[in-house]
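Subject: Structure for your files

Hello,

Here is the structure I said I would send. My notes on it follow below.

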Amino acid sequence: MTSHAEPSLTFSEDELLGSRKYDEPLIAGGVRCHGGFDEDGRYHSPRTLHRTPAISAWQDQLLRSGHDVIEISRALMPPQYPNVEQAKLLLRHGVRDPMVRSLTIISIVEGFGAVIRDVRVPELAELIVEPIDGTALSHLRHGLFEAHARDEAGYEDEGGHKQMWEAARDLALEHPKIPGDVLMRLMGRRSRAPKRERPFPQLDEKLERMLAMMAQVLVIEVFAEGTFQWGIDVLSDPEVSAEPQAAGDMVRYIQSDESPHVEYLRTALSEVRARTLRTVDGKQIAGCKVVDGLLHDMLHNLTRNRPREQREDVRESMIAAMQDVANPTSLEEEYESLASAWTAPAQTGFEPSSAA
Amino acid sequence: MKPWTRIRRSALVARTVARLWLIYKVPVYTRRLLGRPALKGPELDPTHERAAKVVLATALAMRGVIIKSCQFIATRSDVFPPAFIEELKQLHDAVPAKPFAVVKETIEQELGRPIPEVFAALDEQPVAAASLAQVHLGRLHDGREVAVKVQYPDIEEIIQLDIRNMKRACRVYERFEPQPLPLMPLLNEMTKHIGFELDFLREADSADRVRELFKDDDGVKVPEIHREWSTRRVLVMEKVGGMKITDAAALKAAGIDPADVVQDLMAVWVRMIMGAGFFQADPHPGNLFVTKDRQLVLLDFGLSKELPEGFGLGIFELMFSMMTRSEAAMIRAFQELGFRTKTGDTSHFVQIARRMLDRSETGRFEGEFTEEMTDEMFDAVREDPLVAIPSDFVLVGRSFGMLSGIAHTLGARANVLQAMGGG
Ligand SMILES: Nc1ncnc2c1ncn2[C@@H]1O[C@H](COP(=O)(O)OP(=O)(O)OP(=O)(O)O)[C@@H](O)[C@H]1O
Ligand SMILES: [Fe+2]
Ligand SMILES: [Fe+2]
């Protein structure tokens with residue numbers, strides 16, 4: 001079916017949602033999860049049988065025609081708070097609530113990833129000047145968003161990342177009681193939704209919203225790499241984890257499942273960058289201007305104020321949680337001494353001037 | 001209370017019960033005599049409607065507990081038929097006010113001084129009259145504008161009598177009806193609720209609690225309570241106002257996008273229900289205003305509810321399982337929320353969720369509990385006597401349904417998952 005000379009660029013939805021046959025399914029915390037193992041015991045991510053080669057083929061095509069695939073600098077990734085050493089310190093002292101809360105929030109946020117399937121996709125062929133046949137763009141609504149949604153939230157009785165993070169938490173921390181305030185923490189501070197300013201009012205509104213959503217999810221997915229490493233480091237430490245091997249592996253499986261998400265999103269956004277968009281008033285605008293503008297705003301916001309605000313909120317609850325130990329002051333001091341310093345790089349790499 | 005009042009009220013209840021009996025039972029016997037099958041389901045709607053009209057008339061004649069119980073019935077759509085509830089909804093506006101002399105007497109008795117000592121001005125015409133109280137606008141001597149909620153005199157004794165009468169009627173009903181609605185437990189629950197609502201200091205506490213929750217959020221307003229002039233029966237509050245939340249034209253004229261208002265509204269209720277576990281459980285449009293600078297004003301904390309720990313997370317998990325169509329997770333979530341089946345057969349839960357999903361516009365659950373979906377859920381529970389639903393869930397489901405109703409009036413959607421930050 002696959003010819004070596006011309007890899008296919010067009011896939012059906014069923015193909016993009018298709019998984020290989022597993023020798024053994026992944027069972028996490030009693031829940032059948034997606035993905036599974038081959039006869040050598042190697043883990044294979046779900047829905048990648050055709051999705052992974054498809055994404056490579058679309059990327060190759062883009063590169064062959066002389067365009068880049070965008071890259072988000074890992075230097076922009078804010079550090080995890082609390083960091084690995086701080087998290088381990090707390091667990092060693094029996095302060096578990098903050099960790100339980102963090103892991104639960106991560107699982108919920110992963111689950112929320114499913115809203116990507118509700119993104120309304122406009123008629124792209126009408127809004128983009130150049131043809132889009134055989135691109136990631138033309139497959140968003142026909143398998144790519146749906147596969148992403150199922151990976152994050154699970155589908156029917158097969159768990160996804162939400163359930164896998166819960167399993168990792170329950171393995172490492174032995175089915176802890178979930179603090180009553182997780183959802184409150186998840187929602188964070190509320191301020192009135194600001195009056196929405198459209199960054200590109202000349203664009204079709206659905207298109208603008210879809211591209212903004214994709215840019216946001218791409219950034220979140222890239223930054224999540226830090227979360228995975230943190231999860232692996234903490235949960236596979238036998239000093240603080242009841243099941244270091246199983247819990248750490250669980251996060252590794254999640255990590256490997258994420259790679260197609262980053263890849264299809266950066267491919268599709270790069271395809272837009274390489275094209276021209278029609279505006280509602282009959283004019284045209286370069287795709288790179290739109291995509292770079294959206295990414296710049298997103299990265300700027302996520303690296304400036306958000307990390308500090310989140311840090312302050314979380315720190316408060318950390319300190320509160322430490323008050324039950326024998327000597328809270330010395331624990332607090334040790335905790336603070338382990339803090340990692342970080343300042344956001346000056347450039348996002350998508351500065352308005354860099355857009356051609 | 002004068003003895004003849006007592007007799008008259010008891011007689012009214014007795015007569016109402018008798019009329020209900022006629023409305024429901026005479027057709028049954030007639031049909032039986034004529035050899036026709038008994039009416040079922042929607043065929044009974046006209047009967048329910050007529051019955052509700054009788055109850056409504058009695059309620060208006062009696063005020064107090066009967067009105068309150070009708071309002072309560074309207075909050076228990078899991079037990080009572082929709083036709084019944086539609087008719088009783090009118091009670092929200094239909095109550096005639098008491099003359100000012102009566103109000104004046106209550107205020108002066110409660111505050112222990114003549115009205116002019118406390119108020120520089122007090123309107124004789126109420127702005128609203130409800131089941132237990134009416135509201136008058138006025139001004140304090142320092143110039144601050146206030147709204148004064150004044151309980152009807154005698155209401156507490158009247159209610160006690162009414163509850164006794166209703167319990168009596170209820171026992172008669174349970175004796176004669178082969179498949180009675182579970183009225184007695186409801187009556188007990190209602191007695192507790194009314195007791196809470198009669199204590200305005202408790203309402204003041206609830207208002208304070210919600211105000212505290214949003215103290216850093218200048219987009220939410222809960223009127224201040226003037227504690228020095230408030231008692232169990234008189235509540236003196238900061239006067240607030242604004243546009244009616246469902247008045248899309250007014251909102252637009254003020255440069256406010258109704259979709260933003262819906263987003264604010266949802267964020268506020270989701271924060272109360274899912275976050276704080278304490279919420280104003282009566283978000284009908286009469287209790288909500290929007291100011292010119294898009295502040296959301298919340299009124300009426302008489303029906304506020306504390307949820308058990310973990311309830312918010314349970315609701316979230318239920319929505320999530322419906323979104324992903326995970327039946328195992330649905331069953332777990334229903335159980336965590338306190339749903340029970342008499343036989344222990346959990347497939348009932350999956351049936352309920354399926355029926356709800358079928359009522360959503362897209363056939364999928366995207367995070368909104370529409371009125372259609374909550375109605376469907378209550379229908380499902382009512383039709384399946386094997387399933388017991390926790391009363392907290394009824395209040396939450398009903399609130400989400402009401403919010404969804406407001407959202408639709410404004411041409412938007414009341415997406416709970418999105419309001420939590422998932423979109
Ligand atoms: N602080 C206030 N400022 C201005 N108007 C108010 C204020 N409080 C109440 N009102 C008016 O009075 C009406 C009734 O008040 P409220 O809802 O508190 O009474 P209630 O007896 O609990 O009503 P119900 O039993 O019908 O729910 C409100 O809809 C509003 O129009
Ligand atoms: Fe994920
Ligand atoms: Fe992802």
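Pro25(A) stands opposite Gly36(A) in strand S2 of chain A. That pairing belongs to a predicted model, as does everything else in this message. S2(A) covers residues 31–37 and is joined to S1(A) by five bridges, the two strands running antiparallel. The sheet they belong to is open and has three strands in the order S1-S2-S3, with antiparallel pairing. Its edge strands are S1 (24–28) and S3 (43–44) of chain A, each of which pairs on one side only.

**The two iron ions**

Chain A also holds the iron ions. The iron ion (ligand 2) is coordinated by Glu110(A), Glu152(A) and Glu258(A) through OE atoms and by His161(A) through ND1, at 1.8 to 2.2 Å. Along the chain these donors follow the spacing E-x41-E-x8-H-x96-E.

The iron ion (ligand 2) lies 3.5 Å from the iron ion (ligand 3), and Glu152(A) coordinates both. Glu152(A) lies in helix H6 (residues 140–153) and Glu258(A) in helix H10, both of chain A, so this pair ties together parts that are 106 residues apart in sequence. Glu152(A) is buried, with a relative accessible area of 2%. Glu258(A) is buried too, at 4%.

Helix H4 (residues 97–112) of chain A has 16 residues, which at 1.5 Å a residue should span 22 Å; the C-alpha atoms at its ends are 22 Å apart, so the two values agree. Of the 16 residues of H4(A), 14 are buried, which leaves the helix mostly covered.

Lys88(A) is found in helix H3 (residues 84–92) of chain A. Is this lysine buried or exposed? Lys88(A) has 13% relative accessibility and so counts as buried, the cut-off being under 20%. Leaving aside neighbours within four places in sequence, Lys88(A) is in contact with Asp233(A), Val234(A), Asp237(A) and Val240(A).

**Chain B: strands around S3**

Strand S3 (residues 133–140) of chain B is mostly covered, with seven of its eight residues buried. Strand S1 (residues 119–122) of chain B is joined to S3(B) by three bridges and runs antiparallel to it; here Leu122(B) has Gly138(B) as its bridge partner. Strand S2 (residues 128–129) of chain B also pairs with S3(B) in the antiparallel sense, over two bridges, and Ala129(B) is partnered by Gln134(B). A hairpin through three residues joins S2(B) to S3(B).

On to strand S4 (residues 145–151) of chain B: seven bridges join it to S3(B), again antiparallel. Arg139(B) has Glu145(B) as its bridge partner in S4(B). The hairpin of S3(B) and S4(B) has four residues between the strands, and in it Gly143(B) takes a positive phi near 95°.

Another sheet of chain B is open, with four strands in the order S5-S10-S9-S7 and mixed pairing. Strands S5 (220–221) and S7 (243–244) of chain B stand at the edges with a single partner strand each, so one side of each has no neighbour in the sheet. S5(B) and S10(B) (residues 296–298) run parallel and are joined by two bridges, with Lys221(B) opposite Val297(B). Helix H11 (residues 258–276) of chain B packs on this sheet, touching S5, S9 (288–290) and S10, and its direction makes about 45° with that of S10(B).

Finally, helix H16 (residues 391–409) of chain B has 16 of its 19 residues buried. Gly411(B), which follows H16(B), has a positive phi near 70°.

Regards

Notes. Residues are numbered from 1 along each chain as its sequence is written. Chains are lettered from A and ligands numbered from 1 in the order in which they are written. This is a predicted model: local features need pLDDT of at least 70, side-chain atom pairs count only at pLDDT 80 or more; totals for chains, interfaces and linings use all residues. Side-chain values use heavy atoms; hydrogens and water are left out. Two strands pair if DSSP finds at least two bridges between them. Contact means heavy atoms within 4.5 Å. Axes are lines fitted to C-alpha atoms, for helices over the stretch in contact, and angles run from 0 to 180 degrees between N-to-C directions. The expected span of a helix is 1.5 Å times one less than its number of residues. Buried means under 20% relative accessible area, exposed over 50%, partly exposed in between (1.4 Å probe, protein chains only). Donors are N, O and S atoms within 2.8 Å of the metal (3.2 Å for Na, K and Ca); water is not among the atoms, so sites may look incomplete.
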